[in-house]
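Please keep the sequence and the 3D view open while reading.

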Amino acid sequence: MSVEKMAMPQLGESVTEGTISQWLVAAGDSVNKYDPIAEVTSDKVNAEIPSTFSGVIKELLADEGDTLPVGKPICSIEIEGAQSVVRKPEPSTADGQAADNHSDHDTSMKKRYSPAVLRLAQEHQLDLEKITGSGKYGRITRKDVEGYLAHIPTQAAEKAVTRKAAADHLSMAAQLETAEPAVNRTTAPQNEAGDHIVALTGVRRAIASNLLRSKHEIPHAWTMIEVDVTNLVNYRNQLKNNFLKKEGHKLTYLPFFIKAIVAALKEYPRINSTWAGDRIIEKGSVNISLAVAAEDALYVPVIKHADEQSIKGLALSVDELAAKVRENRLSPEDMQGGTFTVNNTGSFGSIQSQPIINYPQAAILSIESIVKRPVVINNMIAIRDMVNLCMSIDHRVLDGLITGKFLARIKGLLESINSENTPIY
């Protein structure tokens with residue numbers, strides 16, 4: 001009988017660890033190769049990981065909520081072989097037939113709680129018997145508890161207020177007794193009556209961790225430039241109907257912006273780089289990370305080799321990645337290799353923003369809304385289509401001079417767009 005161990009996979013190019021957000025199997029379950037066995041979250045992606053063997057789950061070596069380094073064993077599997085796997089006989093049913101399979105209503109796993117579930121229950125004083133488990137054989141998962149928390153009455157919150165009042169009273173008494181001012185003390189926010197508790201998902205925790213790391217480690221600087229895109233608006237309006245009829249996809253402004261950004265990155269490779277401690281690495285490939293918002297999270301899939309794609313190719317790549325985000329089909333490969341991030345905040349009506357750099361890249365550029373504004377041209381006022389481009393940079397890698405030149409080049413490319421010098425194919 002052979003027992004193999006499955007390790008935490010690498011979910012992204014620079015990912016060094018992953019968090020098990022939910023087990024999809026339990027000890028004793030039979031699995032086939034490639035069957036999903038767990039949901040794992042990293043700072044780049046939330047994905048199901050498949051079994052690398054066919055056999056029986058012998059032991060889960062990590063609990064839900066545990067964060068493990070890449071390569072660390074997460075479970076052991078008795079693999080299928082010449083020798084049969086000895087399994088404990090299942091109890092017989094009343095008619096003498098062996099109950100080899102769990103029925104759809106079997107709740108034998110309901111009281112098998114993971115540390116993550118127990119921790120949440122203790123924090124919020126929950127009775128787990130009142131929660132319906134959606135896991136295999138009725139097991140209560142962390143998501144079940146989070147869902148329950150989102151709909152419970154405010155009794156727990158009221159209890160929290162009472163506890164806070166008592167704690168504040170004791171704290172005040174202690175301060176009066178010692179006559180010491182309470183300075184530089186911070187406490188976690190407390191629930192109050194009427195508050196709505198929103199439990200953190202694994203993806204939201206990963207986003208928070210990655211953005212916090214970016215702000216702590218990268219000295220951000222920010223600049224903005226305005227661009228007259230009247231020619232782009234007119235050109236795109238001429239093309240959009242035929243493009244939709246021919247390609248089956250909408251032609252938005254975003255591919256035109258990406259095309260100009262990519263061309264500028266080729267001319268200023270220092271923008272397309274990363275800080276590496278004792279050196280700066282200018283990346284050879286131009287891979288555009290595209291910030292795409294889902295209902296409750298932000299993902300940053302990558303358009304690989306964007307400098308080799310036409311405007312049509314970029315339009316199709318944008319649509320494909322957006323569809324993968326909406327349909328929860330992103331793979332770890334879709335999130336790897338980005339060298340520069342484009343954030344289309346204009347799609348939400350924003351006209352100015354200060355984006356946080358997508359660690360470990362050196363810069364991020366936000367494309368704001370295209371709005372009609374009065375502009376002075378040749379001492380006359382004209383109504384033009386204007387857009388702000390907002391850029392955050394890693395000041396260890398970049399400074400104002402090269403950033404200004406880079407944005408000026410993008411401005412020049414966008415303002416000179418026309419049917420003669422801007423082919424779609």
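The sections below go from the whole chain to individual residues.

## Basis and overall make-up

This is a predicted model, in which local features need pLDDT of at least 70 and side-chain atom pairs count only at pLDDT 80 or more, whereas totals for chains, interfaces and linings use all residues. Residues are numbered from 1 along each chain as its sequence is written, and side-chain values use heavy atoms, with hydrogens and water left out.

The secondary structure comes to 8 helices and 18 strands, where helices (H or I, at least four residues) and strands (E, at least two) are DSSP runs numbered from the N terminus. Of the 425 residues in the protein, 40% are buried; buried means under 20% relative accessible area, exposed means over 50%, and partly exposed lies in between, with a 1.4 Å probe and protein chains only. Among contacts (heavy atoms within 4.5 Å) with a separation of 6 or more, 64% are between residues 24 or more positions apart.

## Helix α8 and its buried face

Helix α8 covers residues 400-415, and its 16 residues should span 22 Å at 1.5 Å a residue, which agrees with the 22 Å between its end C-alpha atoms; the expected span is 1.5 Å times one less than the number of residues. The buried residues of α8 are Thr403, Phe406, Leu407, Ile410 and Leu414. Seen down the axis of α8, these buried residues fall within an arc of 90°, so they line one face of the helix, the arc being that of the directions from the helix axis to the C-beta atoms.

The cover over the buried residues of α8 includes the strands β9 (220-228), β15 (340-343), β16 (363-367) and β18 (380-394), together with the helix α6 (254-267).

## Aromatic pairs and charges over rings

The structure holds 2 aromatic pairs, counted when the rings of Phe, Tyr and Trp (its six-membered ring) have centres within 6.5 Å, with planes under 30 degrees apart taken as stacked, over 60 as edge-to-face and the rest as tilted. One of them joins Tyr235 and Phe256 in an edge-to-face arrangement, at 6.2 Å centre to centre and with 70° between the planes. Tyr235 lies in helix α5 (residues 230-247) and Phe256 in helix α6, so this pair ties together parts that are 21 residues apart in sequence. Tyr235 counts as buried at 7% relative accessibility, and Phe256 is buried at 1%. Phe340 and Phe406 form an edge-to-face pair as well, with 5.9 Å between centres and 65° between planes. Because Phe340 lies in strand β15 and Phe406 in helix α8, this pair ties together parts that are 66 residues apart in sequence. Phe340 is buried with a relative accessible area of 0%, and Phe406 is likewise buried at 0%.

The charged end of Arg236 is over the ring of Tyr253, 4.6 Å from its centre, while Lys246 lies over the face of Tyr425 at 4.5 Å from the ring centre.

## The loop between β15 and β16

Pro355 is placed in the loop between β15 and β16, and it counts as buried at 8% relative accessibility. Leaving aside residues up to four places away in sequence, Pro355 touches His220, Trp222, Asn343, Ile364, Ser366, Cys390 and Ser392. Pro355 and Trp222 are 133 residues apart in sequence, yet 8.6 Å apart in space, C-alpha to C-alpha. Cys390, one of the residues that Pro355 touches, is buried at 0% relative accessibility.

Pro360 also belongs to the loop between β15 and β16, and the peptide bond from Tyr359 to Pro360 is cis, with omega near 5°.

## Positive phi angles

Where does Tyr34, with its positive phi of about 80° although it is not a glycine, lie? Tyr34 is found in the loop between β3 (30-31) and β4 (36-41), and it counts as exposed at 61% relative accessibility. Asn328, which is not a glycine either, has a positive phi of about 55°; Asn328 is in the loop between α7 and β15 and is exposed, with a relative accessible area of 62%.

Terms used. A charge sits over a ring if NZ of Lys or CZ of Arg is within 6 Å of the ring centre and within 35 degrees of the ring normal.
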